[in-house]
Amino acid sequence: MKPKLKIGLLLDGITVPFWAARTIERIDKSDYAEIVLLVLTGEAKKFPDPNHVSKSLLYEAFKYFDKGMNKSENDPLALENLPVELNKVNRILLERNNANLLAIPEDVALDVKERNLDVLIDFCNLVPLGE
């Protein structure tokens, strides 16, 4: 039997959009992959609700039209907590610098490299600086 892929997730926090939560759930329940690391870039509370990013009348009209055209019980942008199964996964918290940018310290980058991840999936809204 082949070993499972070792997956790391780069996340804004423990609250993610519905679509990301379902993707993470599928990876976690798969036979071929194992989530072994969460790299968190901050608390989700610091980020705006993606449904209310803009006060633009045009954007509001688009959301209304889109909701009518794509009827679904689940809003793909609605925020929800990570699956509880990930509570046991190792975590690394990245800090923001004075310019409110994410910087990956050298020791953290080395720690991630030493974990020999097969894949690091980026679910972040912001792009971290560093390797």
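This is a predicted model: local features need pLDDT of at least 70, side-chain atom pairs count only at pLDDT 80 or more; totals for chains, interfaces and linings use all residues.
Visitor: Which pattern does the protein chain follow along the sequence?
Guide: Helices and strands here are DSSP runs numbered from the N terminus (H or I, at least four residues, for helices; E, at least two, for strands). The protein chain has 3 helices and 6 strands. Reading along the sequence, you get β-β-α-β-α-β-β-α-β.

Visitor: In what order do the 4 strands of the open sheet stand?
Guide: Two strands pair if DSSP finds at least two bridges between them. β1 and β3 run parallel and are joined by 7 bridges, while 4 bridges join β3 to β5, also parallel. The pairing in the open sheet is parallel, and the order is β5-β3-β1-β6.

Visitor: Why is one side of β5 and of β6 left without a neighbour in the sheet?
Guide: β5 (90-93) and β6 (119-122) each have a single partner strand, so one side of each has no neighbour in the sheet. In other words, both stand at the edges.

Visitor: What angle does the direction of α1 make with that of β3?
Guide: Axes are lines fitted to C-alpha atoms, for helices over the stretch in contact, and angles run from 0 to 180 degrees between N-to-C directions. α1 packs on the sheet and touches β1, β3 and β6, where contact means heavy atoms within 4.5 Å. With β3, the direction of α1 makes about 140 degrees.

Visitor: How many residues of β3 are buried?
Guide: Buried means under 20% relative accessible area, exposed over 50%, and partly exposed in between, using a 1.4 Å probe and protein chains only. Across the protein chain, buried residues make up 31% of the 131 residues. β3 is mostly covered, and its count of buried residues is 7 of 8.

Visitor: What does I24 touch, leaving out residues up to four places away in sequence?
Guide: I24 is among the residues with the most contacts inside the largest core. Not counting residues up to four places away in sequence, I24 touches L9, L11, I35, L82, P83, L86 and F123.

Visitor: Which parts does the aromatic pair tie together?
Guide: Rings of Phe, Tyr and Trp (its six-membered ring) pair if their centres lie within 6.5 Å; planes under 30 degrees apart count as stacked, over 60 as edge-to-face and the rest as tilted. W19 and F123 form a tilted pair, 5.8 Å centre to centre with 50 degrees between the planes. W19 is partly exposed at 41% relative accessible area, whereas F123 is buried at 12%. The pair ties together parts that are 104 residues apart in sequence: helix α1 and the segment after β6.

Visitor: Is L40 buried or exposed?
Guide: L40 sits in strand β3. Its contacts include L11, G13 and R91, not counting residues up to four places away in sequence. The C-alpha atoms of L40 and L10 are separated by 6.1 Å, although the two are 30 residues apart along the chain. With 9% relative accessibility, L40 counts as buried.

Visitor: What is the phi of N116?
Guide: Most residues other than glycine have a negative phi. N116 lies in the loop between α3 (106-114) and β6, and N116 is exposed, with a relative accessible area of 53%. N116 is not a glycine, yet its phi is positive, at about 50 degrees.

Terms used: Residues are numbered from 1 along each chain as its sequence is written. Side-chain values use heavy atoms; hydrogens and water are left out. A nonpolar core is a set of buried Ala, Val, Leu, Ile, Met, Phe, Trp, Tyr and Cys residues joined through side-chain atoms within 4.5 Å.
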